[in-house]
Amino acid sequence: MSDATPTAPGNAPLDPSQKSMDDLVALCKRRGFVYPASEIYGGLNGFWDYGPLGTALKNNIRDHWWKHMVECPPLGPDGQPVSIVGLDSSIIQNPKTWEASGHVGGFSDPMVDCTETKKRYRADQLICLGRNTEDNEPVFTYVEHDDKSEATAKKKLDKQWKTKLEDNDLCRVSFMEMKPEEYGIIYSPEGSKPGTLTEPREFNLMFDTTVGAIKSDDNKAYLRPETAQGIFLNYKNVVDTMRVKMPFGIAQIGKSFRNEVTPRNFIFRSREFEQMEMEWFCAPDEALQWYDFWKHERMRWWKTLGIEESNLIFRDHDDNELAHYSNACVDVEYKYPFTAPGYGELEGVAHRGCFDLTQHQTHSKTKMEYFDQPRQLAAKEAGKSKEEINEVSKYIPNVIEPASGLTRAVLVLLCEAYTPDESRPSKVYMKFKPKFAPVKAGIYPLVNKDGMPEKAMSLYMSLREKYAVEYDAKQAIGKRYARMDEIGTPFCFTVDGDTAADDSVTVRHRDTQEQERVNISQVEAFLAEKLAE
């Protein structure tokens with residue numbers, strides 16, 4: 001544990017800004033949550049493997065999202081359950097898909113290279129700041145646009161380039177807005193001399209591959225950069241086969257791939273990741289109502305994962321952030337340790353209009369219009385004109401898209417759960433909400449004699465088909481508790497010397513370390529009650 005990492009007083013939640021990412025990453029490796037991909041060969045930047053516990057945690061979040069989106073979707077504004085069906089589309093689609101969606105021509109980032117350090121930076125995420133103390137001329141370096149990297153840049157400017165950064169001297173100008181003739185000398189973030197940054201150039205983020213035996217441009221395809229387009233391609237199939245009525249949603253969980261130039265912050269920004277996306281199709285004149293509904297519904301869902309309310313906020317996109325086809329977009333943001341005291345993106349809820357279906361209709365020559373019979377009948381009863389009836393009853397639906405990263409959700413629960421505690425042998429415990437913990441309970445014999453192992457094994461066998469539980473008879477009981485603290489197991493049941501007499505076991509609570517006696521016959525009911533909370 002880092003000496004700089006404080007302990008939360010009592011059982012109070014610890015602010016993310018007080019948590020050490022280095023310590024968390026080390027725990028994830030040590031306890032089997034997340035490993036560097038292909039580590040024995042030196043790893044591969046931007047790729048991660050999820051270990052046994054990380055896989056279980058990810059699956060628990062995935063199943064919870066699917067349950068609340070598809071199997072038991074939320075109640076709509078009218079108090080009735082909304083209609084959402086599931087989908088699992090192919091990772092590789094016809095390449096014309098990405099031409100229609102705009103990814104081939106427009107899914108890119110403006111990049112600049114440093115000819116001195118050979119490092120590459122996103123031009124739109126770099127800012128310049130600084131003033132030379134010798135001649136008071138502007139001297140600028142580029143840093144990633146967040147508070148921590150700005151603080152680091154200020155120290156570097158002061159030390160390496162002899163700058164003085166007073167509040168009234170600070171200049172926040174992005175690389176894309178900067179004009180060299182106005183701002184003087186330009187320094188690369190990690191360079192030592194001026195003039196080493198190249199002009200911005202576009203860098204496409206899609207991974208390409210070849211379908212078939214011959215590698216050529218004719219056989220070129222792409223790994224999908226998002227799961228959404230597979231939903232749009234199957235919109236008509238779902239309408240034709242599933243008897244869905246407008247409004248309705250199509251949900252999907254799956255892998256996506258983006259050739260990020262600077263993957264960073266552990267699994268926050270990686271090149272292979274999983275998404276949980278839902279496309280909500282609705283009549284154009286109802287889109288804003290549904291946008292507001294899904295905005296608040298998604299925030300409510302994140303809170304069900306046990307996330308501290310103060311660590312979640314909404315951030316509406318500014319006009320210059322919106323896609324050209326988008327009417328509105330809001331992010332649900334989380335206070336990560338590496339963004340605190342600020343917040344970083346967790347999920348986006350976007351009003352995409354009818355852009356996607358219109359694009360695919362144009363490029364594929366397949367009609368994407370929806371005939372809304374109930375609206376037609378209502379318009380006729382209201383005495384509308386033929387033109388008005390046709391307008392309200394035949395349309396290309398608008399789309400509201402709540403899109404989140406499953407792997408980013410894993411990171412959020414890891415950050416949220418990580419709780420240093422000097423009172424414990426492990427010095428830390430993972431405070432997962434019990435229903436999301438990878439292991440729900442540990443089943444232990446206090447010692448390996450006097451019938452305790454047999455009794456503990458019997459209890460384990462009675463629980464294993466319903467709950468993710470572990471039987472462990474090795475090491476001292478304190479070391480077993482310490483391991484369970486580090487992997488976030490909420491309860492440990494121990495068969496001890498009194499069990500033979502009163503048929504009860506000792507249950508230890510992870511968060512408080514308190515212990516109580518529970519009759520063996522009540523253990524299953526005890527777990528059911530606690531895991532339902």
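In which loop is T304 found?

Author: This is a predicted model. T304 is found in the loop between α9 and β15, the latter being residues 312-316. With a relative accessibility of 17%, T304 counts as buried, because the cut-off for that class is under 20%. Leaving aside residues up to four places away in sequence, T304 touches H64, K433 and F436.

One of these contacts, H64, also belongs to a helix pair. H64 is among the residues of α2 that meet α9, together with I61, W65, H68 and M69. On the α9 side the residues are W294, R298, R300 and W301. Two packed helices are described by the angle between their axes and the distance between the axes. Here helix α2 (residues 52-71) and helix α9 (residues 287-303) pack at about 140°, and their axes are 12 Å apart. The two helices are therefore oblique to each other, since only angles over 145 degrees would count as roughly antiparallel. The crossing of α2 past α9 is right-handed.

Next, the aromatic rings. A search of the whole structure finds 22 aromatic pairs. In one of them, the rings of Y235 and F281 have centres 5.0 Å apart and planes at 35°, so this pair is tilted. Y235 lies in helix α8 (residues 235-241) and F281 in strand β14 (residues 272-282), so the pair ties together parts that are 46 residues apart in sequence. Y235 is buried, at 2% relative accessible area, and F281 is buried as well, at 0%. Both residues belong to an aromatic cluster that also includes F232 and F248.

Y460 and Y471 form another tilted pair, with 6.2 Å from centre to centre and 45° between the planes. This pair links distant parts of the chain, with Y460 in helix α14 (residues 452-463) and Y471 in strand β24 (residues 469-471), 11 residues apart. Y460 is buried, with a relative accessible area of 18%, whereas Y471 counts as partly exposed at 25%.

Rings also meet charges. The charged end of K58 sits over the ring of Y50, 5.3 Å from the ring centre. R480 lies over the face of Y444, at 5.2 Å from the centre of that ring.

That leaves the backbone. Most residues other than glycine have a negative phi, and most peptide bonds are trans. A cis peptide bond joins M246 and P247, with omega at about 0°. P247 is found in the loop between α8 and β13 (248-257). Another cis bond joins A340 and P341, with omega at about 10°. P341 lies in the loop between β16 (328-334) and β17 (344-353).

K365 is not a glycine, yet its phi is about 65°. It sits in the loop between α10 (355-364) and β18 (370-371). K365 is exposed, with a relative accessible area of 71%. For D503, also a residue other than glycine, phi is near 55°. D503 is placed in the loop between α16 (499-502) and β26 (504-509), and is partly exposed at 32% relative accessible area.

Methods: Residues numbered from 1 in each chain as written. Predicted model: local features only at pLDDT ≥ 70, side-chain atom pairs only at ≥ 80, totals over all residues. Heavy atoms only, no water. Phe/Tyr/Trp six-rings, centres within 6.5 Å; stacked < 30°, edge-to-face > 60°. Helix = DSSP H or I, 4+ residues; strand = E, 2+ residues; numbered from the N terminus. Buried < 20%, exposed > 50% of the residue type's maximum accessible area, 1.4 Å probe, protein only. Lys NZ or Arg CZ within 6 Å of the ring centre and 35° of its normal. Axes fitted to C-alpha atoms, helices over the stretch in contact; angles between N-to-C directions. Parallel < 35°, antiparallel > 145°, perpendicular 65-115°, else oblique. Left-handed = near helix turned anticlockwise from the far one by under 90°. Contact = heavy atoms within 4.5 Å.
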